[in-house]
Number of protein chains: 2
Amino acid sequence: MIDELRQNYGYLFEDELLKEIEAVGVVKELEANVTLIEIGNYIRSIPLLIEGAIKILREDDDGDELVLYYIERGDTCAMTLSCCVGQTKSEIRAIAETDVKLIMIPVQKMSEWLGKYKSWQNFILQSYHNRMLEMLEAIDTIAFLRMDDRLLKYLRDKAMVTHDDQINATHKQISEDLHTSRVVISRLLKKLENEGKITLHRNHIKILEL
Amino acid sequence: MIDELRQNYGYLFEDELLKEIEAVGVVKELEANVTLIEIGNYIRSIPLLIEGAIKILREDDDGDELVLYYIERGDTCAMTLSCCVGQTKSEIRAIAETDVKLIMIPVQKMSEWLGKYKSWQNFILQSYHNRMLEMLEAIDTIAFLRMDDRLLKYLRDKAMVTHDDQINATHKQISEDLHTSRVVISRLLKKLENEGKITLHRNHIKILEL
DNA sequence: TTGACACTGTAACATTTGTTACTGTGAGAG
DNA sequence: CTCTCACAGTAACAAATGTTACAGTGTCAA
């Protein structure tokens, strides 16, 4: 574990903290599309992401979904921190976008280290900062962009986190992530194809201009 | 200052911390509609809100606005914390919704206290948590509600933070806060009036059912 | 008092997004 | 091979929201 830890977090944390993490952290590997956190769950440990990407999404009372943002390696989930501290239920769902590897840290440690290690304090605050920025970006996207631009952004973001310009998803799945209907997505995808930005295939989409 | 401080934060912080706050904090009073933070500003102190309410809003590249949420007494601005820590520019604008009184704390202290006082640590983390929840609520609102419900929620929220069921705003101002057009707001307000939920007057609106 | 102007109401229309319905096609199961 | 079914394409229509234009009215300053 120590190797992967150093590789992703070595430049952030001092040796002593890395050793503590190694002592109490539990490595967990999950396959793509597995749900890590369900809405309403209580959370008792926080994840440090070593490999892969996690999709964070919101759901309303009718079960309609909306993807908020992705978390990548070298990062943690601020909503999780937030819930740990507040002892409240999770407000979001987290799904492995790709295969992921992460280190789970018990919540007591996270709290203890805050007073003990300046680097941990910075990491946590920085993490909150990053997540705030992601939330703002999500708000900008749904408030200020029209569906065609949102769709293009969605495809690009997805290509980014999977490191693959081929998007493996059906129109139905995309429409759920964007909280709209399948027909709308099919219509707009066809438009994007006509504009030469993507090519459409059964069950996958190729992005031409990133 | 110590009285107001104790009144709003006494149950949160220990005596020693309250004294430190008193020593370094600067009380600031501002009139309604004054801009506290402009997008792009660097921030060197964080506010503890004693009285009144602050409106937090986002702006896109075209200058179109959108109100995100309000901050009330006993709370602080997590975006400010976030920017302080990251040494980055503000991503949001903060405007006094009512007359406000606040205590400004230099950012170095905020950071120092994190290691020193458990209660401060909890306050900061709790504050991040609350702001995350507000952001999620903002996202829910724009993503899942239609404009008539958003408008009603806006009026209710505004009545709540001002402690006044009379909303002093023109249709134009409301439309800017909700990022839509004046005509749309006039249309929907008239609908709400016909439904018996509000009464309309020049420059103000009375909410009947809260 | 009068003129200017911001505020509000409303109609008519455009655009965007959502819905329903139907078709064709490819992939996998039997 | 063929049947089934999820997937995708498209038309026609409905609803929500945005835009333009104009009229009436209250307020304030000259």
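This is a predicted model: local features need pLDDT of at least 70, side-chain atom pairs count only at pLDDT 80 or more; totals for chains, interfaces and linings use all residues.
View 1. Residues are numbered from 1 along each chain as its sequence is written, while chains are lettered from A and ligands numbered from 1 in the order in which they are written.

**View 2. Where domain 1 meets domain 2 in chain A.** Here ten residues of domain 1 of chain A are in contact (C-beta atoms, placed from the backbone, within 7 Å) with eight residues of domain 2 of chain A. Strand 5 (residues 65-71) of chain A gives the largest share of the domain 1 side, four residues. Strands (E, at least two residues) and helices (H or I, at least four) are DSSP runs numbered from the N terminus.

**View 3. Chain A against chain B.** Each partner brings 28 residues to this contact. On the chain A side, helix 5 (118-144) is joined by helix 3 (78-86) and helix 4 (107-116), each with at least two residues. Helix 5 of chain A supplies the largest share, 15 residues.

**View 4. Around DNA strand D.** Look for Thr170(A), His171(A), Arg146(B), Met147(B) and Thr180(B), the nearest of the 19 residues around DNA strand D, where near means a C-beta atom, placed from the backbone, within 6 Å. Helix 8 of chain A contributes the most to this surface, five residues.

Key:
Two residues are in contact if their C-beta atoms, placed from the backbone, lie within 7 Å.
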